[in-house]
Amino acid sequence: MTPISFQPNMKKQATHPANRPMKHLLIAVAGLALVMPMTASAQGTEYVSSGFSAEITDNGEVKNLKVGDHVLMNHLYLVGDYRDALAEKDHDARFYQFQEKSPATIQSSGDDTLIVEKTNAVLRNEKYPEGAIYNEKITFTPNRIRVEYELETGVPFDSHAGVFSTLCELPLSLAGSGYKVTNREDSETLGIIPVEYSESDKLRAIARKLAIAIPGGIVTIEGDEDTSLLFADARAWNESALRLNIDQRVPWHPNPVTIPAGTKTKWAFTITYEPEQN
């Protein structure tokens, strides 16, 4: 399988905080404070800013994405799933980035930017030791996060649509929040995330853009031209979360079709935060 190109991998280096110009203004009740955009620990790296904050694991998974004290996403990572196309399930037909332990390059750039990159990393499960090769790039800035994936399948897969996507797990603390879904025709639908799950009124929306109202502002997740968002209530399958799957837009087939080995896909999206205007 031919490695796919992305951008040159940057060498990870530890820089003492005293040698980095990390001044970033925070407006608070008490006045102004200075924060460092990146701190390292045995558990990974933490990005902190006046807007977004997050934990980044050594293998490039994002955890506890917040705006201020409000958790927006519990997790953000790459997954694969081809279970629906299997006549007989002789193995767990899923892939998870958190099971793939190759290290990401994590580097600070400028006063408030953090870049996470992986190049030619391999997704595997118990049946396929080289299910797919992928590149990841996530760029954090205070009010904007850019997420980019490129992927090439290592084996054929049968599927009704695509196999791989970015999974964003949203907490149920967002229940009761207003949201707006914008589809590819720019038609907008407004709604409230249900506080209680209802089978007759369950949340499921396909979009190119999703906006969610949180205390203090609006968070918007918007896909690129060929990127699709699926927003759903995971309580429908007994998970205590909301789910947002993001992938390359491909047609859905009523019967499974074969995706050949060597198939390349890519998708990208931005997460932005717009504070309320006083």
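How many aromatic pairs does the structure hold? The answer is 13, counting Phe, Tyr and Trp rings (six-membered ring for Trp) with centres within 6.5 Å. This is a predicted model, where local features need pLDDT of at least 70 and side-chain atom pairs count only at pLDDT 80 or more, while totals for chains, interfaces and linings use all residues. Residues are numbered from 1 along each chain as its sequence is written, and side-chain values use heavy atoms, leaving out hydrogens and water.

**View 1. Tyr 77 meets Phe 98 edge-to-face.** The ring centres sit 5.3 Å apart with the planes at 85°, so this pair is edge-to-face (over 60 degrees; under 30 is stacked, the rest tilted). Tyr 77 is in strand S7 (residues 70–81) and Phe 98 in the loop between S8 (94–96) and S9, so the pair ties together parts 21 residues apart in sequence; strands are DSSP runs of E, at least two residues. Tyr 77 is buried at 9% relative accessible area, whereas Phe 98 is partly exposed at 29% (buried is under 20%, exposed over 50%, partly exposed in between, with a 1.4 Å probe and protein chains only).

**View 2. Phe 95 and Phe 164 make a tilted pair.** Here it's 5.4 Å centre to centre and 40° between planes. Phe 95 comes from S8 and Phe 164 from S14 (residues 164–170), so this contact ties together parts 69 residues apart in sequence. Phe 95 is buried at 0%, and so is Phe 164 at 6%.

**View 3. S15 pairs with S18.** Residues 178–182 and 209–214 run antiparallel over four bridges (strands pair if DSSP finds at least two). Val 181 has Leu 210 as its bridge partner in S18.
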